[in-house]
Amino acid sequence: MQAMVLSEERDGRTRMAITLLRRGFQVVTAETLEHGMAYAELGAIDLLVLSERIDGRLSHPVALFAEHRNPSLTTMLLT
């Protein structure tokens, strides 16, 4: 299963990625909305973990786009 972690906070992003890797996920990380959208466009993501805001902007469009690409996507929004 593939997961993407989208967050500006480097330490939190790294901790989440390590946790998911230990549970058998293939993990990609992104720190900007543009990178998140690009990764979502490349292929199906099974799990999306994202901060509510990135650089002061809501991250919800990335979640909606990724869900459009994979309707069975699971999303965890960190607030």
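Where is Ser7 found? Please cover its surroundings too.

Modeller: Ser7 is found in the loop between β1 and α1. Helices (H or I, at least four residues) and strands (E, at least two) are DSSP runs, numbered from the N terminus. First, the ground rules. This is a predicted model, where local features need pLDDT of at least 70 and side-chain atom pairs count only at pLDDT 80 or more, while totals for chains, interfaces and linings use all residues. Residues are numbered from 1 along each chain as its sequence is written, and side-chain values use heavy atoms, with hydrogens and water left out.

Now the residue. Ser7 is buried, at 7% relative accessible area. Here, buried means under 20% relative accessible area, exposed means over 50%, and partly exposed lies in between (1.4 Å probe, protein chains only). Set aside its neighbours within four places in sequence, and Ser7 is in contact with Arg13, Ala30, Glu31, Ser51 and Ile54. Contact means heavy atoms within 4.5 Å. With Ser51 there is also a polar contact, side chain to side chain, of 3.1 Å. A polar contact is a pair of N or O atoms within 3.5 Å; within protein, one must be able to donate a hydrogen and the other to accept it, and residues adjacent in sequence count only if both atoms are side-chain atoms.

Take α1 next. Helix α1 covers residues 10-22, 13 residues in all. At 1.5 Å a residue it should span 18 Å, and its end C-alpha atoms are 18 Å apart, which agrees. The expected span is 1.5 Å times one less than the number of residues. Arg13, one of the contacts of Ser7, is also one of the buried residues of α1, along with Ala17 and Leu20. These cover an arc of only 65 degrees around the axis, which puts them on the same side of α1. The arc is that of the directions from the helix axis to the C-beta atoms. Among the elements covering these buried residues are β1 (2-6), β2 (26-30) and β3 (47-51). The face turned away from the buried side carries the exposed residues Arg15 and Arg22. Just after α1, Gly24 takes a positive phi of about 95 degrees.

Now the sheet. It is open, has 4 strands in the order β2-β1-β3-β6, and shows parallel pairing. Its edge strands are β2 and β6 (74-78), each pairing on one side only. The twist averages 15 degrees from one strand to the next. Two strands pair if DSSP finds at least two bridges between them. Axes are lines fitted to C-alpha atoms, for helices over the stretch in contact, and angles run from 0 to 180 degrees between N-to-C directions.

Go strand by strand. β1 has 4 of its 5 residues buried, so it is largely enclosed by the rest of the structure. β1 and β2 pair through 5 bridges, and Met4 stands opposite Val28 in β2. On to β3: 4 bridges join β1 to it, and Leu6 has Leu50 as its bridge partner there. In β3, 5 of the 5 residues are buried, so this strand too is largely enclosed. Both of its faces are covered, with Leu47, Val49 and Ser51 on one side and Leu48 and Leu50 on the other. Ser51, then, is a buried β3 residue whose side chain meets that of Ser7.

Helix α2 (residues 33-42) lies across β1 and β2, at about 145 degrees to β2. It holds His35, which counts as partly exposed at 43% relative accessibility. The His35 side chain makes a polar contact of 3.0 Å with the side chain of Thr32. His35 and Leu6 are 29 residues apart in sequence but 8.7 Å apart in space, C-alpha to C-alpha. Helix α3 (residues 60-69) lies across β1, β3 and β6, at about 170 degrees to β3. Its buried residues are Val62, Ala63 and Ala66.
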